[in-house]
Each structure stands twice: as structure tokens, then as C-alpha cells.
Amino acid sequence: MKRHLEVAKAAAVKAGTILRECISVSREVSYKGEINLVTEMDRISERIVVATILEAFPDHGILAEEEAQIENGSGFLWIIDPLDGTTNYAHGYPSFSVSIGLEHSGDVIVGVVYDPMRNELFSAARGQGAHLNGNPIAVSRNDVLIRSLLATGFPYDRAVSRENNLDYFNALIMAAQEIRRSGSASLDLCAVAAGRLDGYWELKLHPWDVAAGSLIVQEAGGTVSDFAGTLFSIRDKELVASNGRIQGLMIDILNAVRRKA
């Protein structure tokens with residue numbers, strides 16, 4: 001896995017550097033929905049990542065958010081979010097990342113998330129721990145929910161769907177110390193892994209949102225599950241991640257809200 005990890009790191013840094021250099025440049029914006037936008041930098045970043053990976057592993061599969069999908073039965077699938085935090089980026093708000101995960105036979109074995117604005121490179125390989133710029137990281141040890149800093153995000157269809165996370169937010173904001181919203185699922189997961197956040201939840205996610213970050217959390221000693229507390233899959237539409245110590249407390253509140261709804 002060492003070579004896979006090094007290639008993922010190189011691809012993320014290469015794409016992230018271009019994103020950082022161009023954040024202040026005027027850009028083309030188009031929409032995939034009423035408020036779900038995409039910029040030309042999403043596509044440029046994706047092409048850089050895909051080209052870097054395929055140069056090293058030409059027989060591997062690709063699942064990327066914007067353009068690239070290669071299914072070839074190799075057993076290896078690179079899952080890529082070339083610009084996680086597109087809305088932030090389009091507004092010049094400096095909170096976004098490049099996220100790259102490698103799935104092998106159904107298990108994510110490598111995860112890399114690069115925050116270009118802070119020059120922070122989060123990484124993990126299955127069974128080898130999680131790292132930030134090469135240094136080991138670990139989740140927090142807090143076990144009291146009212147003293148916990150949480151994060152979440154909201155789905156793009158929140159104006160038309162009853163499952164919009166507002167009820168969950170209202171319940172958890174009263175139970176936690178505070179809640180943050182970065183606009184990048186990958187960065188939120190890495191913040192849990194690094195002990196900056198105690199927990200994070202979100203719904204209506206995609207594999208490229210969580211493939212890398214969920215592995216980084218697990219390798220940092222944290223817990224990732226669905227809202228029911230069962231085994232997590234990157235293809236689930238909901239996720240709860242935490243230091244493990246407050247996982248059950250968060251799940252109890254989420255399920256109480258769901259039962260009431």
C-alpha cells in the first residue's frame with residue numbers, strides 16, 4: 001500500500017496547489033441543481049488527480065465526482081472528490097479540500113485529504129494509523145456530549161425535502177457545546193481524526209465525500225457508523241463519526257429525532 005499512498009498524496013498536493021493558486025481568479029460557475037454548483041476548477045483538479053493516478057496504475061478503476069468513471073474489474077477503485085467545498089471555493093471562502101480514497105475488493109485501504117489553504121495533508125493506510133503531514137494523529141478523549149464540539153452539513157435539496165437535517169441539528173445543538181459547519185465533509189472527518197472535533201454527522205452523502213475521511217477517522221482511533229449505529233459503508237447515505245466515546249450519545253439523539261418524525 002505504500003506506493004498507492006504516495007501516489008495519492010502526490011496527486012492531492014498537485015491538484016490542491018492549483019486550486020490554491022487560482023482561488024482569487026474569476027471563474028466559470030455552472031449549476032447541477034438550484035444551489036448545487038460546479039466550477040471549471042472542479043474539472044481541472046479532477047483531471048490532474050486522475051492523470052496522476054492512471055500514470056502510476058493504468059489498470060485501476062476510477063470513480064470521480066465530476067467526469068471520470070472507469071470500471072474495469074481490476075478490484076481497485078480510486079474514489080475522488082477533486083474539490084470538496086465547491087460552494088466555498090466559488091465564493092473565495094478558504095475552506096475546501098481534495099479527497100482521494102482507494103477501495104480494494106470493497107474495503108477502503110488508502111485515504112488522503114489535502115487542505116491547500118493550510119497546507120495540511122491528512123493520510124491513512126488500513127492498519128497503519130492516521131497522519132497529518134507525516135505525524136501521527138488521534139481522536140479526542142472527551143466523553144461528555146455537552147462538552148463536545150460537533151460539525152455537520154446540509155443537503156442541497158433542503159428546501160424541498162423533509163429530510164433536511166434541520167431537526168437533527170436542532171436537537172444536537174442543544175445537547176452539545178457547539179456545532180460548526182465547514183462546507184467540506186472531508187475536512188470535517190479529518191478534524192474528528194485530529195481531535196479538533198469530537199463528532200460529526202451528515203446525510204445524503206456520496207462515496208467521494210467520505211471514502212478517504214472515514215478511513216482516516218477509523219485509523220485515528222475513531223468510530224464511523226450509520227445513524228442506527230451499524231457497520232458503515234461509503235455507499236450509505238448517512239454517517240456519524242466521532243471519537244467513539246460520544247458515538248452512542250449522538251446516535252441516541254439522532255434516532256429519537258427520527259422516531260418522532
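Me: Buried means under 20% relative accessible area, exposed means over 50%, and partly exposed is anything in between, using a 1.4 Å probe and protein chains only. Why is N119 called partly exposed?

Reply: N119 has a relative accessible area of 47%. That value falls between the 20% and 50% limits, so N119 counts as partly exposed. Before we go on, this is a predicted model, in which local features need pLDDT of at least 70 and side-chain atom pairs count only at pLDDT 80 or more, while totals for chains, interfaces and linings use all residues. Residues are numbered from 1 along each chain as its sequence is written, and side-chain values use heavy atoms, with hydrogens and water left out.

Me: What makes the phi of N119 worth a look?

Reply: Most residues other than glycine have a negative phi. N119 is not a glycine, yet its phi is positive, near 55°. You will find N119 in the loop between β7 and β8. Strands here are DSSP runs of E with at least two residues, and helices are runs of H or I with at least four, numbered from the N terminus.

Me: Where is K204, and why does it count as partly exposed?

Reply: K204 sits in the loop between β13 and α6.

Me: What makes β11 and β15 partners of β13?

Reply: Two strands pair if DSSP finds at least two bridges between them. β11 and β13 share 3 bridges in the parallel sense, and T152 has W201 in β13 as its bridge partner. β13 and β15 (residues 238-242) share 5 bridges in the antiparallel sense, with L203 opposite E238. Both counts meet the limit of at least two, so both are pairs.

Me: Why is strand β6 described as largely enclosed?

Reply: In β6 (residues 97-104), 7 of the 8 residues are buried, so the strand is largely enclosed by the rest of the structure. It pairs antiparallel with β5 (residues 76-84) over 7 bridges, and D81 has S99 in β6 as its bridge partner. β6 also pairs antiparallel with β7 (residues 107-115), again over 7 bridges, with E103 opposite V108. β6 and β7 form a hairpin with 2 residues between them, and S105 in that turn has a positive phi of about 50°.

Me: Why are β4 and β10 placed at the edges of the sheet?

Reply: The open sheet has 8 strands in the order β4-β3-β5-β6-β7-β8-β9-β10, with mixed pairing. β4 (69-70) and β10 (135-136) each have a single partner strand, so one side of each has no neighbour in the sheet. For β4 that partner is β3 (residues 61-64), joined to it antiparallel by 2 bridges. Helix α2 (residues 40-56) packs on this sheet and touches β3, β4, β5 and β6; touching here rests on contact, meaning heavy atoms within 4.5 Å.

Me: What does F76 contact, away from its neighbours within four places in sequence?

Reply: F76 lies in β5, and its contacts include H60, L102, E103 and I109.

Terms used:
Axes fitted to C-alpha atoms, helices over the stretch in contact; angles between N-to-C directions.
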